[in-house]
Every structure is written in structure tokens, then in C-alpha cells.
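Let's work through a few exercises on salt bridges and helix packing. Keep the structure open while you try each task.

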Amino acid sequence: MGYHTPTNYSTHATEYENPVEQPTVKPNRKLMSPFLSKQCSTERMDSRTADELYSYVMSISNEASLDAKWLQSSYLFRISLTLRNIQETIKIGSRMDSDSLNLAIRIMFQQEVERFQNTNYLGWRHFINQDFGEASHQLAHFTGPEVVYDVLDSHMILIPVHLLKHYVLYVFNMESKKVLVLDSLNTQDPLGESRFTRHDKIKIMVSRCVMECMRLAFPGWNKDILNWDFEAVENIPKQQNGDDCGFHVFNNMVNWDGLHLVNSTSQDPYYLRRQFLIHLLTLRDNEAILPEYVVHRLRHIKDN
């Protein structure tokens with residue numbers, strides 16, 4: 001999987017400051033995939049260093065160390081992860097933790113803004129966290145000061161949805177007026193339901209939430225998403241067990257360009273979790289403290 005490293009790594013806690021409000025940019029939703037742009041060149045991870053980082057993180061067992069806060073970000077709302085939280089998310093056989101996924105999406109959003117600033121690709125994709133629900137609580141994700149582009153002109157909006165013990169990705173293509181679901185579960189679930197049956201009610205609920213948010217954030221917006229075409233995307237990697245769906249959603253959010261997944265990734269459970277760990281550790285303006293060893297290995301990944 002391609003990834004984007006930040007320009008700084010925090011080894012000390014920093015005071016959080018509200019972002020400076022910037023002029024809102026209008027994305028060009030008619031552009032081709034941003035993955036074709038020079039800003040989106042793929043960086044390949046040094047596997048040995050990534051393995052060393054994963055092993056180091058999982059080797060720590062001291063109770064005080066496990067309770068130490070490793071990652072924290074306060075905007076739009078505070079998310080804090082201790083080492084214990086991180087270990088419990090990335091150990092083999094574990095399921096995705098909602099705070100970990102939300103932080104990963106926040107990092108994804110920050111990296112997309114950094115990568116495409118001063119280009120028409122800024123805001124082409126817009127990411128919402130998996131707590132998406134009541135519209136009045138989600139407005140900051142559409143019009144908050146950190147959203148430096150006009151979501152009204154985004155090509156697509158990507159929203160992870162947590163079903164009962166299962167994560168899926170909903171994609172609202174605002175240009176083609178189409179709703180897609182990327183679901184890594186086999187076509188039929190253990191109850192024999194197809195993807196279409198599984199999502200009959202969910203797609204209506206999520207679509208209504210998006211419509212309400214758009215109407216509150218942008219008075220005069222009046223599209224009826226409930227009448228848009230719906231497609232359950234078939235040609236995507238399938239999870240190998242009942243635990244990996246959240247990691248598949250993360251990969252799909254990183255790599256979906258509107259038509260297909262642009263970077264092929266291993267479906268090995270260890271690989272999925274190792275990649276996710278490295279992504280989490282690249283949090284910019286981390287308000288918590290990372291061990292010096294971790295910072296050193298991250299810099300090694302960046303330099304190579």
C-alpha cells in the first residue's frame with residue numbers, strides 16, 4: 001500500500017491550537033483521479049524497518065508503559081490512544097477499534113490536504129469518520145475551519161459504516177450521482193444474505209444522513225440521494241477471516257479512486273495490521289509522546 005509520511009515527528013507533548021481559518025478552495029470534481037497526479041507518487045515502505053517497529057510495539061508488556069499515551073489529536077474532537085489501545089487493535093485476531101479507525105481517517109484527511117494543497121485535487125475526495133450519524137453533530141466535518149475546501153464541490157465522500165461486528169465503506173460519488181458500497185465480506189454472509197440484501201436498509205439510513213448534513217451545511221443543496229443508483233462493488237479483496245474488515249475499509253479508503261483500488265495490497269492479517277500501525281504513527285502534531293526508538297525508526301522509513 002502506498003503511504004505518505006509527515007514532515008515532522010513529535011517526541012514531546014505539544015499544546016493544541018485551533019487551526020487558522022484559510023480561504024476555502026473549490027475542488028474540481030470533473031478532474032480525473034488524483035492518483036494520476038505527480039503529488040500522489042507512491043512511496044514504498046521499508047519492510048524490515050516496519051517489521052522491527054511492529055515487533056517493538058507488540059513486545060512491550062510493562063503495565064505502566066502500556067498505559068502511556070502514545071497518540072493524541074484534539075481536532076475536531078479529542079482522540080487519545082495508549083500503547084495498550086494500539087496493541088489491542090493491531091494484534092493478530094483483533095478487530096478494528098473505532099477510536100483507532102477515526103484517528104487513521106483524521107490522518108488520511110491531513111495527508112490529503114498536505115499532498116494536494118494549491119492544486120485542484122484538494123478536496124476531490126472527502127473523508128468522514130465512522131461515527132457518522134446525527135447531522136447536527138457532523139457539520140464540522142463539512143464546514144469546520146480545518147476543511148479548507150468546499151465539500152459541495154468534492155467528487156466523492158467516503159464514509160466507513162460499522163454494522164453489527166462488521167465494517168464497510170460507503171462512497172457517495174457526487175459527480176456521477178451514484179452510491180457505492182465496498183464490502184469485504186463474501187458475497188453471502190453466514191446467514192446467506194447477499195451484499196444487496198445486507199445493505200437494503202443501511203444504504204437508506206446513510207444516504208439520509210448525508211442528505212441532511214449537506215442541506216444543513218449548504219442551504220439550497222437539494223439533491224435526492226435516495227434516487228441515485230446503488231452498486232455493491234464486487235471486484236475488491238475479500239477478508240480471510242471474521243476480524244479484518246476494518247483494516248480492509250482503511251485500505252479501501254486510502255486506495256479507492258472512484259473506479260477501482262489503485263494499489264494492490266496483501267490480504268495477510270499481519271501485513272494489514274503492520275501497515276495500519278505505521279499509518280497511525282505518522283500522526284502530525286501529535287500531542288502525546290512517542291518513544292525515541294519509534295521516532296528514529298519512523299525517520300528511517302521516511303529517509304528510505
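A salt bridge here is a side-chain nitrogen of Lys or Arg within 4 Å of a carboxyl oxygen of Asp or Glu. Keep in mind that you're looking at a predicted model.

**Exercise 1**

Solution. Step one: look at the gap.
Step two: place the residues.
Step three: are they buried or exposed? Both Arg273 and Asp244 are buried.

**Exercise 2**

Work out which residues form salt bridges with Arg84 by looking at Glu63 and Asp67.

Solution. Step one: start with Glu63. Glu63 and Arg84 make a salt bridge, with 2.8 Å between the closest N and O atoms. Glu63 lies in helix H2 (residues 63–66) and Arg84 in helix H3 (residues 83–90), so the bridge ties together parts 21 residues apart in sequence.
Step two: move on to Asp67. Its side chain meets that of Arg84 in a salt bridge too, at 2.9 Å from N to O. Asp67 is in the loop between H2 and strand S1 (69–73), so this pair joins parts 17 residues apart.
Step three: check accessibility. Arg84, at 23% relative accessibility, counts as partly exposed. Asp67 counts as partly exposed as well, at 47%.

**Exercise 3**

Solution. The search turns up 11 salt bridges. There's also a network of salt bridges to look for, linking Arg48, Glu52 and Arg297.

**Exercise 4**

Describe how helix H4 (residues 98–116) and H8 cross.

Solution. Step one: get the geometry. Their axes come within 9 Å and cross at roughly 60°. The crossing of H4 and H8 is left-handed.
Step two: list who touches whom. H4 contributes Ser100, Leu101, Leu103, Ala104, Ile107, Met108 and Gln111, and H8 contributes Phe276, His279 and Leu280.
Step three: sort them by class. The contact has seven nonpolar, three polar and no charged residues.

How values were computed:
Residues are numbered from 1 along each chain as its sequence is written. This is a predicted model: local features need pLDDT of at least 70, side-chain atom pairs count only at pLDDT 80 or more; totals for chains, interfaces and linings use all residues. Side-chain values use heavy atoms; hydrogens and water are left out. Helices (H or I, at least four residues) and strands (E, at least two) are DSSP runs, numbered from the N terminus. Buried means under 20% relative accessible area, exposed over 50%, partly exposed in between (1.4 Å probe, protein chains only). Axes are lines fitted to C-alpha atoms, for helices over the stretch in contact, and angles run from 0 to 180 degrees between N-to-C directions. A crossing is left-handed if the near helix is turned anticlockwise from the far one by less than a right angle, and right-handed if clockwise. Contact means heavy atoms within 4.5 Å. Ala, Val, Leu, Ile, Met, Phe, Trp, Tyr, Cys and Pro count as nonpolar, Asp, Glu, Lys and Arg as charged, and the others, Gly among them, as polar.
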